[in-house]
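Subject: Structure for your review

Dear colleague,

Please find below the structure that I am handing over to you. My findings follow after it.

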Amino acid sequence: MDLQRKAIPLMPLAIVMTQGERRLIDVEQKAYVQLLDELRSSDRPNIFGIPFADQGVLSANGSLVKLVPSEEKTANPSAIRVECVGHFQALSYAQALWPKPYPGGNVREIDALLERPIDDELKAIASRVIQLLGEGGINMSRLSYANTADIMRWLGMPAAQK
C-alpha cells in the first residue's frame with residue numbers, strides 16, 4: 001500500500017492493533033456510521049485510519065484498517081469487524097473532511113520505515129535485552145535484530161508503539 005501524504009478518513013479510538021489482527025469495534029456516532037456506509041458503497045479500497053486517542057490526547061501514529069465482512073452475529077448491531085493492514089503517521093489532522101462530518105488527515109505509511117537497519121546504540125540495547133531475557137531462562141538464540149521490525153516483533157510491540 002502506498003500512502004505517502006494521502007488523505008484518509010480517521011476514527012480515533014483507544015486501541016493499537018498489530019498487523020493482521022482482526023477486531024470488533026462498536027460504531028455508534030452518526031459521523032462514523034456515515035463513514036462506514038460510504039466505505040461499503042464505494043468501489044475504492046475500504047481503508048481508514050485509527051489514530052490512538054485516549055482521554056483527549058490524540059497520537060500522530062495509528063493503525064490502518066480495512067472493513068472485513070463478518071458472517072457472525074454480535075450482540076451489538078452497530079459493531080463492525082476490521083483488520084489491521086499497516087500503520088501510519090499523521091502529517092496533518094482535520095476534525096472534519098469537509099463536506100464530510102468525520103475526521104481525516106494526510107498520512108504516510110510507516111511500516112516500510114521499520115525495515116531500515118538499526119544503529120549501533122540500539123543494537124547494544126537489543127543485545128543487552130537478549131542477554132537479560134536469556135538469563136531469565138528464555139531461549140533467545142534465534143532472534144535477529146538487524147532492523148527495528150525484528151526487535152518489535154520479538155518484543156511483541158505493534159509498529160504504532162515504535
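How many salt bridges does a search of the whole structure find? The search finds 4 of them, a salt bridge being a side-chain nitrogen of Lys or Arg within 4 Å of a carboxyl oxygen of Asp or Glu. Before I turn to individual pairs, two notes on the basis of the work are in order. This is a predicted model, in which local features need pLDDT of at least 70 and side-chain atom pairs count only at pLDDT 80 or more, while totals for chains, interfaces and linings use all residues. Residues are numbered from 1 along each chain as its sequence is written, and side-chain values use heavy atoms, with hydrogens and water left out.

Overall organisation

The protein chain contains 3 helices and 6 strands; these are DSSP runs numbered from the N terminus, with helices (H or I) of at least four residues and strands (E) of at least two. Read from the N terminus, the order of the elements is β-β-α-β-β-β-β-α-α. The chain has 162 residues, and 36% of them count as buried. Here buried means under 20% relative accessible area, exposed means over 50%, and partly exposed lies in between (1.4 Å probe, protein chains only). Among contacts with a separation of 6 or more, 62% are between residues 24 or more positions apart, where contact means heavy atoms within 4.5 Å.

Salt bridges

One of the salt bridges joins the side chains of glutamate 83 and arginine 22, at 3.0 Å from N to O. This pair links distant parts of the chain, since glutamate 83 lies in strand E5 and arginine 22 in strand E2 (residues 22-26), 61 residues apart. Glutamate 83 is buried, with a relative accessible area of 17%, whereas arginine 22 is partly exposed at 47%. Strand E5 itself covers residues 79-90. Apart from residues up to four places away in sequence, glutamate 83 touches Met17, Gly20, Glu21, Arg22, Leu64, Val65, Lys66 and Val68.

A further salt bridge is formed by glutamate 21 and arginine 23, whose closest N and O atoms are 2.8 Å apart. Glutamate 21 is partly exposed, with a relative accessible area of 22%, and arginine 23 is also partly exposed, at 26%.

Aspartate 37 and arginine 40 form another salt bridge, with 3.7 Å between the closest N and O atoms. These two residues are about one helical turn from each other, because they are 3 residues apart in helix H1. Aspartate 37 counts as partly exposed, at 42% relative accessibility.

Nonpolar cores

In soluble globular proteins, nonpolar side chains tend to be buried together. A nonpolar core is taken here as a set of buried Ala, Val, Leu, Ile, Met, Phe, Trp, Tyr and Cys residues joined through side-chain atoms within 4.5 Å. The largest such core has 18 residues, and Leu36, Phe48, Ile80 and Val82 have the most contacts inside it. Helix H1 (30-41), strand E3 (47-54), strand E4 (57-67) and E5 each give two or more residues to this core. H1 gives the most, with 5 residues. A second, separate core of 6 residues includes Ile8, Leu10, Leu64 and Phe88.

Valine 82 has contacts beyond its neighbours within four places in sequence, among them Met17, Ile25, Phe48 and Val65.

Other local features

Proline 9 is in strand E1 (residues 6-9) and counts as buried, at 15% relative accessibility. The C-alpha atoms of proline 9 and alanine 94 are separated by 9.5 Å, although the two residues are 85 apart along the chain.

Helix H2 (residues 120-135) has 16 residues and reaches 22 Å from its first C-alpha to its last, close to the expected 22 Å; the expected span is 1.5 Å times one less than the number of residues. Just after H2, glycine 137 takes a positive phi of about 90 degrees.

Glutamine 55, in the loop between E3 and E4, has a phi near 50 degrees, a positive value in a residue other than glycine. Glutamine 55 counts as exposed, at 74% relative accessibility.

With kind regards
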